[in-house]
Amino acid sequence: MPKKIYYTNSKLQPADEDHLLTLAKQYDDVFIFQTPKDFKLYAFDSLSKIIPGNDHENQFTHVSHWKDDLQSLLVSINATIPPQIVGGFSFSPEQTSKSVWNSLSSGYFFLPKFIIIVKNNNYTLVTSSFSKDDIDREKAAFSAQISTVNPVKKHLNNPIVKKVELNVAEWETAVAKTTRLIRETNLKKVVLARNLKIKLTHEPDFCLLWQRLQSTQPNTYHILLKKRKLIFLSATPERFAKFGAAYFETAAVAGTIRRGITPVEDNQLGKTLLADKKNRSEQQFVVSDISNSLKQVGLVVNHPAIPTLLKNKNVQHLFTPIKGTGRYDLFSLLNILHPTPALGGLPRQDALIQINNIEPFTRGLFGAPIGHISFDGTGELAVGIRSGIINGTTSFLFAGAGIVADSVAKKEVAETRMKFNPILNILKDDTE
């Protein structure tokens with residue numbers, strides 16, 4: 001008979017993040033999620049874990065059933081905030097190569113033993129345990145650890161010794177072939193990704209990586225998933241969904257142009273993007289597809305008619321917020337939405353076939369929904385772009401571009417090269 005899972009809440013004094021990051025080194029399973037606004041979630045250790053997808057169920061159904069099974073075991077001990085499952089799905093379970101992603105190839109979710117939720121500078125600890133008798137002792141011991149760990153300040157003295165953009169010439173040829181295919185068939189858009197291999201002098205300190213992620217990439221989601229020695233990092237500008245029992249908020253993000261050096265140049269570049277026929281068309285594909293998916297499950301959909309600009313440190317995008325209201329099944333909707341045209345293409349299945357034919361690597365968590373899902377039906381998922389996987393001294397960074405009929409291969413190479421920068425700059429030595 002499965003064990004009951006007891007959970008309780010307690011208030012914490014505001015904690016120094018250096019202490020929380022140092023504490024995270026002691027655990028195999030760690031997840032940190034920070035939104036562009038005032039919300040952070042730190043998750044440590046696991047009571048249950050799952051690799052999404054199996055021979056009988058797709059990855060969303062599999063996680064849904066696992067979550068339902070866990071929910072049937074939950075017992076509150078005077079708690080108002082329930083536990084959450086944290087982690088990420090994979091871009092495509094059909095991609096099976098583990099050469100880059102290792103055990104994160106197919107995604108990963110876990111039920112944390114300890115969750116710290118930070119909102120408006122209020123710290124709440126959610127502790128879960130298989131033992132009702134031990135939960136108070138475990139909670140007290142963890143709380144004590146936060147203040148007693150000893151952070152060690154370091155510099156990123158870790159020069160990049162090798163940087164290789166993989167398959168650039170082949171990727172340019174693939175872009176050209178894809179544009180021809182779009183012109184000759186019913187394909188409208190295919191998102192093609194490529195990767196950048198980085199070799200470091202020694203294994204990076206993930207505490208420092210997180211701090212650099214925050215300092216160099218403001219106004220984005222900051223995400224870290226640690227599974228033993230594997231570290232996934234993302235500075236994504238793109239929300240996949242924020243949701244509750246009767247609402248589902250998402251966004252259409254597509255089209256890219258660099259940031260300007262001066263405010264005048266930056267504004268002019270933004271105006272150029274807003275006026276660009278190719279990028280506006282690409283973004284409208286995404287708006288229409290997402291809206292239709294939300295309507296498919298019975299939600300009432302609202303969104304602005306004209307996109308605005310989403311500005312990040314290195315690039316700016318066309319952005320349209322989309323909200324659906326009404327009752328729905330979360331995991332069924334996630335299955336319908338993923339991957340959106342911003343990450344896969346249109347029509348979806350034809351685009352995915354082309355992606356699998358063209359790309360010589362597994363996307364893993366790149367371009368997949370990643371975040372936290374509470375047992376009360378709320379949660380938030382971001383899209384795992386502007387990201388990389390770090391395994392010891394070897395890292396792989398990922399970037400994609402939306403290919404449409406008039407795409408130019410060399411311009412798409414330049415765009416993806418820009419998109420490597422958020423994680424590449426985090427890995428660079430302080431002196432570089």
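Predicted model: local features only at pLDDT ≥ 70, side-chain atom pairs only at ≥ 80, totals over all residues.
Q: How are helices α5 and α10 oriented to each other: roughly parallel, roughly antiparallel, roughly perpendicular or oblique?
A: Helix α5 covers residues 206-216 and helix α10 covers residues 409-427, and their axes lie 9 Å apart at an angle of about 130°. An angle over 145 degrees would count as roughly antiparallel, and one from 65 to 115 as roughly perpendicular.

Q: Which residues of α10 does α5 meet?
A: The crossing of α5 with α10 is right-handed. From α5, the residues that take part are Leu209, Arg212, Leu213 and Thr216. By class, this contact has five nonpolar, two polar and one charged residues.

Q: How are helices α2 and α8 oriented to each other: roughly parallel or roughly antiparallel?
A: Helix α2 (residues 59-71) packs with helix α8 (residues 330-337) at an angle of about 165°, and their axes are 9 Å apart. Angles over 145 degrees count as roughly antiparallel. Helices α2 and α8 are therefore roughly antiparallel.

Q: Which residues lie nearest the centre of the largest pocket?
A: The largest pocket has a volume of about 870 Å³, and 34 residues line it. Elements that give two or more residues to this lining include β6 (108-119), β12 (239-244) and β19 (379-383). By class, the lining divides into 14 nonpolar, ten polar and ten charged residues. Nearest the centre of the largest pocket are Thr35, Phe39, Arg239, Lys242 and Glu380.

Q: Which element supplies the largest share of the lining of the second largest pocket?
A: The second largest pocket, with a volume of about 390 Å³, is lined by 16 residues, and Thr256, Lys278, Asn279, Lys411 and Glu415 lie nearest its centre. At least two residues of the lining come from each of β13, α6, α7 and α10. The largest share is five residues, and it comes from α10.

Q: Which element gives the most to the lining of the largest cavity?
A: The structure holds three cavities of 30 Å³ or more, and the largest cavity contains about 250 Å³ of space. Its lining has 25 residues, with Thr256, Ala342, Arg386, Gly400 and Lys419 nearest its centre. Elements that give two or more residues to this lining are β9, β13, α7, β21 and α10. The element that gives the most, with five residues, is β21.

Q: How many charged residues are in the lining of the second largest cavity?
A: The second largest cavity has a volume of about 50 Å³. Its lining consists of Gln217, Thr220, Ala235, Pro237, Asn312, Lys313, Asn314, Val315, Arg386 and Pro422. Asp, Glu, Lys and Arg count as charged, and the lining includes Lys313 and Arg386. By class, there are four nonpolar and four polar residues, and the number of charged residues is two.

Note on methods. Residues numbered from 1 in each chain as written. Heavy atoms only, no water. Axes fitted to C-alpha atoms, helices over the stretch in contact; angles between N-to-C directions. Helix = DSSP H or I, 4+ residues; strand = E, 2+ residues; numbered from the N terminus. Left-handed = near helix turned anticlockwise from the far one by under 90°. Contact = heavy atoms within 4.5 Å. 1 Å grid on protein atoms, 1.4 Å probe; cavity = no way out; pocket = protein on both sides within 12 Å on 5 of 7 lines; lining within 4 Å. Points joined across faces, edges and corners; volume = space filled by probe spheres on them. Parallel < 35°, antiparallel > 145°, perpendicular 65-115°, else oblique.
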